[in-house]
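User: Could you take a close look at one part for me, the place where the two chains meet? I'd like one connected walk through it, with the terms spelled out as you go.

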Amino acid sequence: MTITAEMMEGVTTELCREAAEHAASEGPDWLRARRLEAWDLYEATPMPTTKLETWRYTDLERKLDLDRLELADREAVPFDTVDYPEAVRTAMNEDRRGTGHVVEIDGAVVHVDLDPELAALGVVLMSLRRAVDTHGELLERHLATKAVPASDGKFQALNAALWSDGVFLYVPRGVRLEHPVRVTRWASAPGTAYFTRTLVLADRESQVSFVDEILSPNFESQTLHSSAVEMFALDGAQVQYVSLQRMGRGVFHLSQQRTLAHRDSTLDTLNVNLGASVARLDLNAQLLGPGANSDMMGLYFGDDDQHFDHSTSQDHIAPHAKSDLLYKGALDGASHAVFRGIIKVHPGAQRTDAYQTNRNLLLSGDAQAHSLPNLEIEADDVRCSHGATVGQLDEESLFYLMSRGLGLERAERLVVQGFLGEVLSRLPLGGVVEKVSRAIEEKLGHA
Amino acid sequence: MTDSPILKISGLRAKVAEEDLEILKGVDLELRAGEIHAIMGPNASGKSTLAKIVAGHPGYEVTGGSIRYRDRDLLELEPDERSRAGVFMAFQYPVEIPGVSIANFLRTALQARLDEGEELDLFDFQDRLLERMDLLDMEPAFAERPVNEGFSGGEKKRNEILQMAVLEPMLALMDETDSGLDIDALQVVASGVNKLKSERPEMAVLLITHYQRLLNFIRPDVVHVMVDGQIARTGGPEVALELEAGGYATYREAEAAV
Ligand SMILES: Nc1ncnc2c1ncn2[C@@H]1O[C@H](COP(=O)(O)OP(=O)(O)O)[C@@H](O)[C@H]1O
Ligand SMILES: [Mg+2]
């Protein structure tokens with residue numbers, strides 16, 4: 001039986017099969033089938049518990065209450081620039097030098113602009129929902145298939161079933177974008193579940209950087225923000241993805257990302273987590289062709305009872321590829337960070353270079369960090385290393401700084417800035433470094 | 001110059017905080033504006049501890065006596081307040097601050113000296129920093145390096161002198177600024193101190209050193225010998241020369257006999 005839109009109206013906003021059917025009520029057949037299949041997978045997959053190694057430190061039973069969430073009401077969106085929330089306007093004003101901009105509010109893209117010269121060269125930047133109609137073939141091949149398919153896990157399935165909108169970026173062969181594409185996302189309704197996706201396709205020898213800033217106010221009742229990010233760098237392409245998560249407290253932020261780096265391509269990521277009450281990142285980098293290179297950087301800074309859980313994997317499938325991961329975080333208050341990373345060198349992936357480092361700086365006695373780096377190597381001619389540290393602010397460093405006249409707070413701030421700055425210094429993107437530094441400074445000021 | 005000493009340490013006793021280990025056992029010392037004093041003494045006699053206590057290190061507890069600095073009770077002040085009041089210690093073992101450039105560090109230190117709401121002029125700061133580095137024959141690129149990270153011994157000590165040059169203290173405590181340096185590096189550091197001293201003759205300097213050779217380059221007015229947490233002797237520059245000839249053995253024997 002087909003449920004029509006009319007029948008759905010006012011019926012339900014809960015996360016249930018009807019909602020998935022409603023979402024599947026528009027769009028081409030392949031998409032409808034994919035959404036419903038995803039929903040079935042979601043239902044068939046048990047909720048992860050702390051018995052699973054990958055969820056050991058994030059107790060969903062305590063931290064997430066899916067039953068109380070409502071789906072985003074896609075009609076209540078301001079389509080007029082004047083109504084943009086202050087935080088969105090501030091973020092956009094910082095992004096003037098972008099090559100293109102997308103604004104997504106409450107799960108729907110409300111604004112897209114792209115340098116007309118690039119549009120003429122065939123660059124596509126648009127709402128993912130709209131792209132279903134205009135670029136159906138590309139989407140059918142790449143959306144929730146090889147990168148973040150429903151079969152990846154419970155939440156990947158939920159997103160694949162219910163996503164409301166997102167960003168689609170296609171960069172044609174040989175086209176190079178001088179300045180980043182900037183996306184600003186805003187979620188405003190408390191107690192709501194948002195599902196958005198990002199699909200980036202960088203064709204051969206193209207170049208693009210993509211900055212994804214996610215914002216919201218603080219919420220009294222739990223709000224879910226689920227983001228699936230799929231990135232393809234074809235042969236020789238250079239892609240950089242930056243996610244800057246600055247959502248308010250009360251948010252459970254889920255970010256599920258996979259990068260596919262083909263021959264001689266570069267696919268770098270930087271994930272910055274500063275906001276939300278709980279932020280969970282699943283990032284899988286696949287090195288699919290010789291000469292592929294992925295720099296994976298992460299930055300987090302928690303306070304109060306913030307909880308950040310990072311799960312990364314570096315999959316070396318092809319020989320002669322390189323991946324280098326550096327995740328650093330500072331933790332104040334009673335915040336808690338988890339880093340779980342694995343380097344997997346598949347049989348035949350000779351001459352792999354793979355590195356993994358996680359460093360944590362505890363600023364208070366109540367803060368905690370768990371760091372679990374791991375290696376799984378099935379080739380013999382490889383260079384791999386992993387390392388993890390959890391350290392405290394040491395008395396000697398603070399005394400040294402104070403003996404030069406810095407008050408305790410200023411001294412602590414400088415140490416934290418320096419500690420996190422190592423990650424930013426590896427980031428070649430101008431403008432982004434300042435933006436992230438400013439966000440950290442702002443947070444340090446409040447801490 | 002006033003008559004009252006810039007630094008007056010009387011009967012200072014101190015121990016390691018939260019431990020029963022007494023290190024300073026009644027130290028008396030007076031330093032006037034413009035004077036250069038040296039403290040010499042064998043390893044582990046308490047020289048660094050004395051300097052750190054003057055700078056306000058939280059790892060030690062003063063159990064007796066007093067330290068007055070320009071007619072104030074220095075022990076009442078936090079380490080940062082002491083610095084802003086003009087006390088500076090060049091560390092025997094300078095600390096690495098990863099990711100923080102020397103320029104950023106010094107800018108923050110100068111900013112901390114301003115009143116709330118007052119902003120350091122960044123162009124003035126840049127000019128000043130370059131001028132100070134020029135005075136000490138340092139390359140401008142040095143200021144962009146993270147504080148002490150991967151520095152050679154000599155670079156660490158020169159970094160201390162640069163900080164001293166920028167912060168312009170009234171009282172400089174220099175803890176083994178000569179140790180670990182070859183003769184060329186030693187001369188560079190010593191000439192830096194001498195330049196700063198000639199710029200501001202009223203600055204008082206307390207040189208802590210294990211060897212007499214530094215005193216060939218920076219001439220002290222007074223030399224103290226510290227043994228087992230006490231000043232065992234105070235005299236003129238000749239004391240250093242005696243030590244060079246006879247070592248610390250006589251002081252040790254005197255101690256043992258008590
Ligand atoms: N924080 C500390 N904890 C334990 N022992 C200490 C500490 N600081 C100093 N000491 C001890 O006190 C003595 C004097 O040390 P120090 O002041 O560094 O001597 P000096 O600088 O003259 O070589 C040494 O025996 C040293 O081991
Ligand atoms: Mg010493």
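Analyst: Let's start with a term: buried area is the accessible area, taken with a 1.4 Å probe, that two parts lose on being put together, summed over both. By that count, chain B and chain A bury about 2000 Å² between them, with 68% of it on carbon and sulfur atoms.

Some ground rules before going on. This is a predicted model, where local features need pLDDT of at least 70 and side-chain atom pairs count only at pLDDT 80 or more, while totals for chains, interfaces and linings use all residues. Residues are numbered from 1 along each chain as its sequence is written, chains are lettered from A and ligands numbered from 1 in the order in which they are written, and side-chain values use heavy atoms, with hydrogens and water left out.

Now, who touches whom? If contact means heavy atoms within 4.5 Å, then 34 residues of chain B are in contact with 16 residues of chain A.

As for charges, there is one salt bridge between chain B and chain A, a salt bridge being a side-chain nitrogen of Lys or Arg within 4 Å of a carboxyl oxygen of Asp or Glu. Its partners are Arg404(A) and Glu160(B), at 2.6 Å from N to O.

Then come the polar contacts: pairs of N or O atoms within 3.5 Å, where within protein one must be able to donate a hydrogen and the other to accept it, and residues adjacent in sequence count only if both atoms are side-chain atoms. The rule finds 13 residue pairs of this kind across the interface of chain B and chain A, both residues at pLDDT 80 or more.

Which elements of chain B supply at least two residues each to the side that touches chain A? They are helix H1 (47-55), helix H2 (79-84), strand E6 (87-90), helix H3 (102-111) and helix H5 (153-167). Helices (H or I, at least four residues) and strands (E, at least two) are DSSP runs here, numbered from the N terminus. H3(B) gives the largest share, five residues.

By class, that side of chain B has 18 nonpolar, ten polar and six charged residues. Here Ala, Val, Leu, Ile, Met, Phe, Trp, Tyr, Cys and Pro count as nonpolar, Asp, Glu, Lys and Arg as charged, and the others, Gly among them, as polar.

For context, the structure holds 39 salt bridges over all chains. One of them, inside chain B, joins Glu131(B) to Arg132(B), with the closest N and O atoms 3.2 Å apart.
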